[in-house]
Amino acid sequence: MATARPRPPVALSVPTGAESGLELQAVISQLEKAGRAGDRELIESVYEFSADKHSDQRRRSGEPYLTHPLYVAWTLAAWGFDQTCVLVGLLHDVLEDTLTTREVLEKEFGRELASLVDGVTKIGQHAYVRRDEAQAETFRKLILASVRDVRVILVKLADRLHNMMTLEHMRPEAQRRIARETLEIYAPIAHRLGMAQVQADLEDLSFYYLRPGPYAELHAKVQEKLKGAKSGIQKVRERLKVELAENGLEAAISFRVKRLYSIYQKLRRQGVDVAQLYDYLAFRVVTKDLRDCYAVLGVIHQAWQPVPGRFKDYIAMPKGNLYQSLHTTLLAPGGQPFEVQIRTHEMDSIAERGIAAHWRYKEGDQDQAEESGKIAWLRQVLDWQKEVDDPRTFLTALKLDLYPDEVYTLTPKGDVLAFPRGAMPLDFAYRIHTELGHHCSGARVNGKLVPLRTEIQTGDRIEIMTNPNRYPSGDWLGLVKTSRAKSKIRHWLNTEQKKRAGEIGRRLLERAVRKHKVSPKKAFEGERMATYLEKEGIANLEDLFSRVGFGRVSPTQVVPRLLSGEELSTTEEKPSRLMTAVSKMLPFGSASIAVRGDGDMLAYLAKCCKPLPGEEIIGYITRGKGVSVHSAECPNVRNLMYDPGREIEVSWARTGDEVYSIQLEIETEDEPGMLARLTETMTKLGSNIKQINASTLQPGRGLIDVVVEVRNRKHFERLSLAIQDLPGVFEVSRRMGS
Ligand code: MN
């Protein structure tokens, strides 16, 4: 059944009668009505400023643009907010939509106003990309965490409400996009601030544009149902009045129909139809004090039969946003259920207007005890940062810091991710993908390259750069903040270490069996190995290798149990060959250290003593890292050699007067004489230049490529320092490989 489309819903949180032709005087009257005289001159000058900036703009409806900020200001005044809020309402679009800068605003109207307007503008710049419910929640937090003053949000809500009220002038895709953002982001924020009416207005308007069919259908059904219930409602109302009067209870009785979106959700949640809905209409009894609430409840339960299980005491147990009320459902004589809500004036005001109601109370003269109860409510929403003596400045001093422990960042695609405060780009990388983390080489934050040690901030848009040759290092553990990143890095390091330990263990065992003239193949692959492993409770050969590599088992323990007595008594006599060690870590390429043994082992010069070519050296098989090469003089060596089985013979592959060729890249200022200065320095330090090439990188910058001979590491270091010190040299680097 197709239902004719109704008119868009009317926003109940805004007084009617000013939809068109609103003038500044109406805003001032609204402020006065709320008991805020205001500084008329200031309001007028702000208005003129805004009028001037927006003078050549029109809204899509064809109206002058100024009608929009004027309406927003008027709404804020009608909600009972202070003059500053209203002024921000008047100015809220000048930074976004005109050429005005924050500096100009600050000069004209001061820092506070400028920063509030700037805050409203910034919220608008976060583009909401819909993913799922969790994403919407995180995005709401992003919005709330980016503002430091609650008034920024209030202005944004008034702005959004007016935009929703005039949405019919937009194109259909824009209508859907804005309505979805309103429903998923701004309505829940209004809810959080306890502004139930604003929330319902935003929801109903969004519902109207997002689901026109269901909206029209539900609208018609509810109208129909109300028509049928009219006389019944009247009867209940009359009787309520009489019962209360007879019991001497003074109370205002009103009647409300549940808002459409709220009904829609309830029907969907419970899978029922409008006909089965209990509480689509409710009577509201507003009493003068708390005691009367319970008295009214008693009277009502006497007069009608209560529906069991439908009584809720939100006075004793307020909701999270401090909503307080008694709810009960009763049966009318015809069997039709109806709901009654009972509350005091103040509870009623807070229930409908939330923070706006508190705003009012803050300004009046309230006694301290009552005050502290209300502050408790605000504390849940807002962080109370400093003591304020004057209650008038109470809200001005309130700063928003709803999520002090978290930051909210954006991916390049616009997804919002939450992190603990202090998190780094690496945390971000690991959150997106493990591989992205493992190969992370850098990050761009808001388009700018940053070091990996940079704390990410709320609102940052982060892009991770990778390099396939980059891998995690132990330092990363100290850098990251999230446990996910930590465990991924740890896992990688462990796996890598185990792999290396396995390789080393295998070499050590191979060496040990060869000593007895047994081939490793024969020793490791036969029946005897299987027996040995089983006896020792070791899962497999790989496991044995890594145990040996980590030093948990030594080859001298394994070999006697593995080989036969005959084999054990045979030992190798001929001297072993010196084999080439392979290492990327060696300063002069791969051929400078020879490790005694078989096959290639990873060798590196120990950091503690950095032995120089020619010096006497000792090798030590480390746990999982290869062979560390120390100077024979190194004091650490003696301490390390508690396990003689791990000592391994090493020697310099070439000794004496060997020289090594290295290739240097030198970035310089591109100026005459540069090359001459360089060659002079190299020659002075005793280096032969084998090849030299100069080119221009970009205007003013040159690149000099040179191959020189050095004797050893020290020599190389002296040379590169001397070059670095030359005037006009920016950077010296050594080209590895090739
Ligand atoms: Mn606006």
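Reader: Is T75 buried or exposed?

Author: T75 counts as buried at 1% relative accessibility, where buried means under 20% relative accessible area, exposed means over 50% and partly exposed lies in between, using a 1.4 Å probe and protein chains only. This is a predicted model, in which local features need pLDDT of at least 70 and side-chain atom pairs count only at pLDDT 80 or more, while totals for chains, interfaces and linings use all residues. Residues are numbered from 1 along each chain as its sequence is written, and side-chain values use heavy atoms, with hydrogens and water left out.

Reader: Where is T75 found, and what is T75 in contact with, leaving aside its neighbours within four places in sequence?

Author: T75 is found in helix α3, where helices (H or I, at least four residues) and strands (E, at least two) are DSSP runs numbered from the N terminus. Once neighbours within four places in sequence are set aside, T75 is in contact with V14 and A158, contact being heavy atoms within 4.5 Å.

Reader: At what angle do the axes of α1 and α3 cross?

Author: The axes of helix α1 (residues 24-33) and helix α3 (residues 67-78) cross at roughly 15° and come within 8 Å; the axes are lines fitted to C-alpha atoms, for helices over the stretch in contact, and angles run from 0 to 180 degrees between N-to-C directions. That crossing makes α1 roughly parallel to α3, since angles under 35 degrees count as roughly parallel, over 145 as roughly antiparallel, 65 to 115 as roughly perpendicular and the rest as oblique.

Reader: Which residues make the contact?

Author: On α1 the contact is made by L24, A26, V27, Q30 and L31, and on α3 by L70, A73, W74, A77 and A78. Sorted by class, the contact of α1 with α3 has nine nonpolar residues, one polar and no charged ones, where Ala, Val, Leu, Ile, Met, Phe, Trp, Tyr, Cys and Pro count as nonpolar, Asp, Glu, Lys and Arg as charged, and the others, Gly among them, as polar.

Reader: Changing topic, how many of the residues of strand β6 are buried?

Author: Eight of the eight residues of strand β6 (residues 337-344) are buried, so β6 is largely enclosed by the rest of the structure. P337, E339, Q341 and R343 point one way from β6, F338, V340, I342 and T344 point the other way, and all are buried.

Reader: And which strands do bridges join to β6?

Author: Strand β2 (residues 281-287) is joined to β6 by six bridges and runs parallel, whereas strand β5 (residues 326-331) is joined to β6 by six bridges and runs antiparallel; two strands pair if DSSP finds at least two bridges between them. E339 of β6 is the bridge partner of A282, and T329 also stands opposite E339. In the hairpin of β5 and β6, which has five residues between the strands, G335 takes a positive phi near 95°.

Reader: What about β7, how does it pair with β8?

Author: β7 and strand β8 (residues 416-420) pair in the antiparallel sense over five bridges, and V407 stands opposite F419 in β8. Four of the five residues of β7 (residues 406-410) are buried, so β7 is largely enclosed by the rest of the structure.

Reader: Which residue has a positive phi although it is not a glycine?

Author: N446 has a positive phi of about 50°, and K517 has one of about 60°, although neither is a glycine. Most residues other than glycine have a negative phi. N446 lies in the loop between β9 (440-445) and β10 (448-450) and is partly exposed, with a relative accessible area of 48%. K517 sits in the loop between α22 (483-514) and α23 (520-525) and counts as exposed at 58% relative accessibility.

Reader: One more, what order do the strands have in the open sheet of four?

Author: The order is β14-β16-β15-β17, with mixed pairing. β14 (603-605) and β17 (647-648) stand at the edges with a single partner strand each, so one side of each is left without a neighbour in the sheet. Three bridges join β14 to strand β16 (residues 627-631), and the two run parallel, with V629 in β16 as the bridge partner of L605. A603, whose place is in β14, is buried with a relative accessible area of 0%.
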